[in-house]
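Please consult the sequence and structure shown here alongside it.

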Amino acid sequence: MTAVYKDEEADWLTVCLKYLLFVFNFLFWVGGVAVLGVGVWTLVEKSDYLSLLASSTFAVSAYILILAGSMVVVTGFLGCCAVIREQKSCLSMYFFCLLVIFLIELVAGVLAYVYYQRLSEELKQHLNQTMTDNYAQPGQEAITLAVDRLQQDFKCCGSNNSRDWMVSVYVSSKQAEDRLVPDSCCKTITPHCGNRDHPSNIYKVEGGCITKLEQFLANHLLVIGAVGIGVACLQLAGAVLTACFIYLLYKEEEEDF
């Protein structure tokens with residue numbers, strides 16, 4: 001009776017783990033879609049602003065999430081097949097993939113957190129110089145478009161304030177045609193509206209575009225970090241469940257022999 005009881009207990013544990021792994025794989029797949037979505041959203045939503053950053057860490061974090069999310073979507077499906085068939089070799093490969101994806105997402109989360117800590121300093125050091133030195137200059141079309149979109153999207157003018165444009169290469173050149181600020185600073189854009197920098201005509205935001213961009217990027221980085229680390233922890237739990245399931249399968253095989 002004891003041997004029969006032990007066999008029934010082992011079978012019960014195997015079935016429970018099997019169903020738990022099914023539930024996990026569903027959550028795992030949903031988490032992968034979320035990770036993939038956050039990565040794509042980060043790059044597509046405000047991709048123009050990436051050209052204004054001195055560091056590529058923000059973009060790298062998003063690309064890592066896209067890679068990890070794609071792997072999760074595929075691995076989640078393969079994990080379901082491995083659990084159904086109870087193939088130890090496939091389950092071992094699945095376990096290895098979970099650990100790899102766990103490390104990838106953890107790296108993305110840590111990168112996002114580290115960059116979040118130094119985001120303010122980087123923007124203060126580089127954004128003003130980028131805007132004043134490169135706006136509307138030959139070969140800097142991406143930065144010009146990014147600055148115009150930044151000022152219109154966030155209703156701001158200049159990195160710190162509109163006076164920053166007074167020392168810019170663009171305003172000092174003939175190309176500006178007596179503009180005091182770019183036309184993208186205007187509340188209502190019309191040709192040469194930048195010739196007048198009165199508050200009724202252009203955006204006057206306390207802290208300038210630096211404050212607005214910093215807040216936007218910080219919010220994105222928090223999402224990247226939270227999603228990356230959160231799903232990574234979920235995968236670690238899945239790896240433990242998978243290891244237990246593999247162990248039970250090996251144990252049952254030994255008992256059969």
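Residues 56-85 are 97% helix and 0% strand, with end C-alpha atoms 43 Å apart; helices (H or I, at least four residues) and strands (E, at least two) are DSSP runs numbered from the N terminus. The model is predicted: local features need pLDDT of at least 70 and side-chain atom pairs count only at pLDDT 80 or more, while totals for chains, interfaces and linings use all residues. Residues are numbered from 1 along each chain as its sequence is written, and side-chain values use heavy atoms, leaving out hydrogens and water.

**Annotated spans**
- The unreviewed UniProt entry lists residues 20-44, 56-85, 91-116 and 221-250 as "transmembrane region"; such annotations may be inferred rather than shown by experiment.
- Residues 91-116 are 100% helix and 0% strand, and their end C-alpha atoms lie 37 Å apart.

- Leu-213 touches (heavy atoms within 4.5 Å) Tyr-49, Leu-123, Leu-127, Leu-150 and Phe-154, not counting residues up to four places away in sequence.

**Surface**
- Phe-26 lies in helix α1 and is exposed, with a relative accessible area of 57%; buried means under 20%, exposed over 50% and partly exposed in between (1.4 Å probe, protein chains only).
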